[in-house]
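Here is a short note for someone opening this entry for the first time. Please keep the viewer at hand while reading the points.

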Amino acid sequence: MVKRPAPVLAPARKVLVIQTAFLGDIVLSTSFLANLRSLLPEAEIHLLTTPVGARVLTPNDFGVKIISYDKRGKDRGFGGFVRMARALRAIKPDLVFCLHRSLRSVLLARLAGGATWCFRDAAGSVLLNHRVARPKNIFEAEKNHKLLEAWAGDRAKNLPLFPRLCVSAEEDAQADALLGGLGKFVALAPGSVWATKRWPAERFARLAKFFWEKHGLRSVIVGGNEPADFKAARSLLADFQKGNNAGPAPLDLVGKTSLGNLKSVLSRASLVVANDSAPLHIAIAMGAPVLGVFGPTTRALGFYPLAPAGKAQVAERAGLECRPCGMHGHDVCPLGHFRCMLELAPEAVYQEAEKLLC
């Protein structure tokens with residue numbers, strides 16, 4: 001068999017990366033950005049992302065310039081699309097990587113100019129120059145990395161795939177104020193965009209009791225400004241107070257953090273327990289030990305917590321033929337039984353947590 005020569009890296013002074021998916025996807029793209037920077041240390045690299053992605057990636061240590069695309073707000077519609085296409089074309093990128101597989105993202109990549117790379121299964125991928133197979137059943141960051149390997153060949157082999165984020169001194173100071181001198185703690189993130197990804201809040205409360213009773217660790221509840229997050233926090237707090245000797249109530253920070261100071265809060269936790277949601281990936285990117293609670297989604301979809309040894313575990317109800325029931329989640333269980341979460345006992349989740357705490 002004739003060995004194919006390694007690709008020759010064409011000079012790239014300006015590079016554009018497009019990732020406008022969910023926040024978790026954006027966090028998982030940080031290893032791509034870090035590795036791209038290592039391959040092109042002198043290049044001007046731009047990232048087109050969502051407003052929430054822009055917030056979580058500011059600041060960044062990749063030297064990447066962030067372009068915020070509010071596709072559901074001020075930039076929505078055809079007019080916003082055209083304005084963004086013109087702005088990207090004005091950058092004059094030599095090289096464009098489209099990580100997001102939507103038709104809108106592919107069209108923006110095409111209109112930006114330069115040599116374009118995308119995944120073969122992206123909508124409209126035939127419009128771009130280079131199309132790469134996107135393997136299944138591997139970590140999401142590994143999938144993204146296949147674009148770099150296709151472009152850079154052996155130069156992209158054995159590069160780190162762990163996501164990473166950083167915080168500013170101001171965000172650290174804000175986290176100090178929010179935590180109010182609290183010592184060691186466990187962060188609990190009971191929310192999720194999808195209802196079927198939420199392990200019941202009363203079970204998070206039982207978990208918080210275990211952490212206090214067995215380790216003297218107070219819990220901190222984190223979440224956004226969504227009604228479901230506030231509801232989960234109220235339920236968790238109410239259930240925690242039931243019974244005698246419950247210990248100090250968890251500190252409720254739901255709706256009180258920005259993405260910036262949330263990164264700092266999570267980085268200080270002795271452990272973060274989160275549903276399959278953005279806080280899970282943010283915590284990993286900040287170097288915290290993480291326990292992911294997985295219900296309708298599975299490792300095979302690629303969004304499980306990948307971290308250095310001893311830093312991540314997954315709690316799940318294994319053996320259910322109905323898992324996974326979709327790429328994301330649902331408002332209600334498609335089969336009506338919700339066994340993947342209801343049959344996941346607090347004691348089983350705590351056993352996985354012990355592996356990280358001990």
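What is the bridge partner of isoleucine 18 in β4? Point 3 has the reply.

1. **Ground rules.** The model is predicted, so local features need pLDDT of at least 70 and side-chain atom pairs count only at pLDDT 80 or more, while totals for chains, interfaces and linings use all residues. Residues are numbered from 1 along each chain as its sequence is written, and side-chain values use heavy atoms, with hydrogens and water left out.

2. **The sheet.** Six strands form an open sheet in the order β3-β2-β1-β4-β5-β6, with parallel pairing. β3 (64-68) and β6 (130-132) are the edge strands; each has a single partner, so one side of each lacks a neighbour in the sheet. Neighbouring strands are turned by 20 degrees against each other on average, direction ignored. Strands here are DSSP runs of E, at least two residues, and helices are runs of H or I, at least four, numbered from the N terminus. Pairing requires at least two DSSP bridges between two strands.

3. **Strand β1.** β1 covers residues 14-18, and four of its five residues are buried, so the strand is largely enclosed by the rest of the structure. Buried means under 20% relative accessible area (1.4 Å probe, protein chains only). β1 pairs in the parallel sense with β2 (residues 44-49) over five bridges. Four bridges join β1 to β4 (residues 95-98), also parallel. The bridge partner of isoleucine 18 in β4 is cysteine 98. In β2, isoleucine 18 stands opposite leucine 48, and valine 15 has isoleucine 45 as its bridge partner.

4. **Helices on the sheet.** α2 lies across β1, β2 and β4, at about 170 degrees to β1. α4 (residues 77-91) packs on the sheet and touches β1, β2 and β3; its direction makes about 160 degrees with that of β3. Angles run from 0 to 180 degrees between N-to-C directions, and axes are lines fitted to C-alpha atoms, for helices over the stretch in contact. Contact means heavy atoms within 4.5 Å.

5. **α2 against α6.** The axes of α2 (residues 30-39) and α6 (residues 140-152) come within 9 Å and cross at roughly 20 degrees. The two helices are therefore roughly parallel, a label for angles under 35 degrees. Residues making the contact include Phe32 and Leu36 of α2 and Leu148 and Trp151 of α6.

6. **Histidine 281.** This residue is found in α11 (residues 278-285). Histidine 281 counts as buried because its relative accessibility is 3%. Neighbours within four places in sequence aside, histidine 281 is in contact with Gly24, Val27, Leu28, Asp276 and Phe303.

Technical notes. Parallel < 35°, antiparallel > 145°, perpendicular 65-115°, else oblique. Buried < 20%, exposed > 50% of the residue type's maximum accessible area, 1.4 Å probe, protein only.
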